[in-house]
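Good morning, colleagues. Please look at the model on the screen while I describe its side-chain pairs and the confidence behind them.

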Amino acid sequence: HLGVPEVVFGAPNARFGGCGGVFSVHEMQASARAGSGETSAAGASAAGGADAPRPALRGFSCRGGVLGDEAVALLKEFYAAGNPNAPDEKRHRPLVASAGGAQ
């Protein structure tokens, strides 16, 4: 558990999202697990679980849609401009100047 009390995001994503889109990771819960320390030659735990202790998962608070329109506009601008660091053979479209003027 990282101790993060709440995750706040702007743009929900129904196709790839992890807080209510495809997954609801914020609702995941699991008991703590003690590590076995015994692994087979293939590296798998003898108990079939994790080979290291794991704290309990308790979920976390998640709030989406905060400044949602602004977040979506920012993402659209980012993806429309293209990645100037991408190799030419990986580009799906030509580079364009962003509204901020920086490239």
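I begin with R63 and E6, whose side chains meet in a salt bridge at 3.2 Å, N to O. The term denotes a side-chain nitrogen of Lys or Arg within 4 Å of a carboxyl oxygen of Asp or Glu. This pair links distant parts of the chain, 57 residues apart: R63 lies in strand β2 (residues 61–63) and E6 in strand β1 (residues 6–8). Strands here are DSSP runs (E, at least two residues), numbered from the N terminus. The structure holds one salt bridge.

This is a predicted model, in which local features need pLDDT of at least 70 and side-chain atom pairs count only at pLDDT 80 or more, while totals for chains, interfaces and linings use all residues. Residues are numbered from 1 along each chain as its sequence is written, and side-chain values use heavy atoms, with hydrogens and water left out.

How accessible are R63 and E6? R63 is partly exposed, at 43% relative accessibility, and E6 is partly exposed, at 35%. Buried means under 20% relative accessible area, exposed over 50%, and partly exposed in between (1.4 Å probe, protein chains only).

Next, the aromatic rings. The count comes to one aromatic pair. F78 and Y79 form it, edge-to-face, with 5.0 Å centre to centre and 80 degrees between the planes. Rings of Phe, Tyr and Trp (its six-membered ring) pair if their centres lie within 6.5 Å; planes under 30 degrees apart count as stacked, over 60 as edge-to-face and the rest as tilted. F78 is exposed at 54%, and Y79 is exposed at 53%.

Terms used. Helices (H or I, at least four residues) and strands (E, at least two) are DSSP runs, numbered from the N terminus.
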